[in-house]
Amino acid sequence: MTESNAAPGSNAAPGSNAAPGSNAAPGSNAAPESHAAESGRELTAKEIRRRKRRTPPPAPEPLPGLVDAHTHLAACGGRTADDVRAILDRAEAVGVDQVVTVADDMEDARWAVRAAHWDSRAFAAVGLHPTHADDLDDATRSEIETMVADDRVVAVGETGLDYYWTTRSDDCADPAVQRDAFAWHIDLAKRTGTPLMIHNREADRDLLDVLAAEGAPETVIMHCFSGDAAIARECVDLGYVLSFSGTVTFANSHELRDAARLTPDELILVETDAPFLTPHPYRGQPNQSYAVPYTARFLAEVRGVSDDEMAQVLGGNARRHYRLPLP
Ligand SMILES: [Zn+2]
Ligand SMILES: [Zn+2]
C-alpha cells in the first residue's frame, strides 16, 4: 500500500479492515445509485459520498492477458479460500488472469502464502513493509526466509522506505531501522534470486542510494511508482521495473504520465494496490484486481498504443519478471 491515508499496516490483518461491501460483486448493489433513502427522504451530500465510497466501480470491458502486479487480497475482503476465489473470478472475467498478493507484516505474509496455495491464479510476495521494520528479528528473518523458498512466493516485499508515516504515526519504524530492514530484504532477494518488490513513499533519493550502496538484485520492481520523469529515467537506466497504479490516472498526475511515457516496453507493469488507489473516475471507491483494465487502457492511451498491445506488454512483463506460469 502506498498512498492511502489509512494508518500504516491497516490492511495487515487479513480482511479485518476491509470496507463494508468491498467484497461485494461489482454491480451487486446494482440498483443505479438512487439518492433517496429507504424512508423516501433525500440523502444528504455526506450520505451520498459515504454510499459512493462503499460502491465498487462497475466491471470494465474485458481486456485479456493482464496480471495485477501488486494487490492486497486480504484487505480486499479476502478471508477464506471462497472469498479469494470470488475476487479472482471477478478479475478473470475481465481478463486479469493472475495476481500477486503482497504482505505488509508477518500475519499478512503467512496469509498471502496460504492464499497463493488456495488458488492457482494467486502468487505471493512476502516481507515486512518499511513501516513495520521494527518487527524484523531473528525469528521473523528465519520465517520470511522459509516462506521465500515456497514455490508460490514470487517476490520479496513489500520493502523499502516510507518517510510519510515516520512523522505521522508512533507505530512507524524510524528511518534508520527501515534502512537496515531494507538492506536485509535486498540481500535476501539476491541470495535467493527472487525479484524485489519496493515500496517508496517520499524517499526517492535515499531509496535509490540504499539500492546502489547494497547492490541491487537482478529484478527490482518499483511498486506504485510515484516519481517524476527524472527519477523514472534514473530507474529505467538501472533496469528497474516501474509498476503503475491508478494514481497515474488521477487528474493532477502529470509527472507520473511523463514517467509512464518514457518507460521502455520491457520495464512497465500495471497494478491496483487494491483496496486503495482506485483509478479515475472511481477514485475513492473500493478497488480490486478487476479494475486493472481501467489503468491498462489509460496507459495505452498515454503511450499511444492499442489496448490489446498494451495488455500483452503488461501481462507478458509480469509473467517474465515474476516468472509466473502461463495461466
Ligand atoms: Zn501495497
Ligand atoms: Zn506500498
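**Helix packing and a buried loop residue**

Q: How does α5 pass α6, in a left-handed or a right-handed crossing?
A: The crossing of α5 past α6 is right-handed. Right-handed means the near helix is turned clockwise from the far one by less than a right angle, left-handed anticlockwise. Helices here are DSSP runs of H or I with at least four residues, strands are runs of E with at least two, and both are numbered from the N terminus.

Q: What sort of model is this?
A: It is a predicted model, where local features need pLDDT of at least 70 and side-chain atom pairs count only at pLDDT 80 or more, while totals for chains, interfaces and linings use all residues. Residues are numbered from 1 along each chain as its sequence is written, and chains are lettered from A and ligands numbered from 1 in the order in which they are written.

Q: Back to α5 and α6. What's the angle?
A: About 45°, with the axes of α5 and α6 10 Å apart. Axes are lines fitted to C-alpha atoms, for helices over the stretch in contact, and angles run from 0 to 180 degrees between N-to-C directions. That angle makes α5 oblique to α6. The classes are: under 35 degrees roughly parallel, over 145 roughly antiparallel, 65 to 115 roughly perpendicular, and the rest oblique.

Q: Which residues make the contact?
A: R179, F182, A183 and I186 from α5, with V210, L211 and E214 from α6. Contact means C-beta atoms, placed from the backbone, within 7 Å. By class there are 5 nonpolar, no polar and 2 charged residues. Nonpolar covers Ala, Val, Leu, Ile, Met, Phe, Trp, Tyr, Cys and Pro; charged covers Asp, Glu, Lys and Arg; the others, Gly among them, are polar.

Q: OK, new pair. How do α3 and α4 pack?
A: Helix α3 (residues 106-118) meets helix α4 (residues 138-148) at about 15°, axes 11 Å apart. So α3 and α4 are roughly parallel. Their crossing is left-handed. M106, A109 and V113 of α3 touch T140, E143, I144 and M147 of α4. That contact has 5 nonpolar, 1 polar and 1 charged residues.

Q: Which residues of α4 are buried?
A: I144, M147 and V148. They span an arc of only 100° around the axis, which puts them on the same side of α4. The arc is that of the directions from the helix axis to the C-beta atoms. Buried means 20 or more other C-beta atoms within 10 Å of the residue's own, exposed means 12 or fewer, partly exposed lies in between, and C-beta atoms are placed from the backbone.

Q: What do they pack against?
A: The buried residues of α4 pack against α3, β3 (122-126), β4 (153-162) and α5 (175-192). On the face turned away, D138, A139, S142 and T146 are exposed.

Q: And α8 with α9, at what angle do they cross?
A: Roughly 75°, with the axes of α8 (residues 254-262) and α9 (residues 292-303) coming within 9 Å. That is why α8 and α9 are roughly perpendicular. R257, A260 and R261 of α8 meet L299, V302 and R303 of α9.

Q: Where is N287?
A: In the loop between β8 (268-270) and α9.

Q: Is N287 buried or exposed?
A: N287 is buried, because it has 30 C-beta neighbours inside 10 Å. Leaving out residues up to four places away in sequence, N287 touches G246, T272, A274, P275, F276, L277 and T278.

Technical notes. Two residues are in contact if their C-beta atoms, placed from the backbone, lie within 7 Å.
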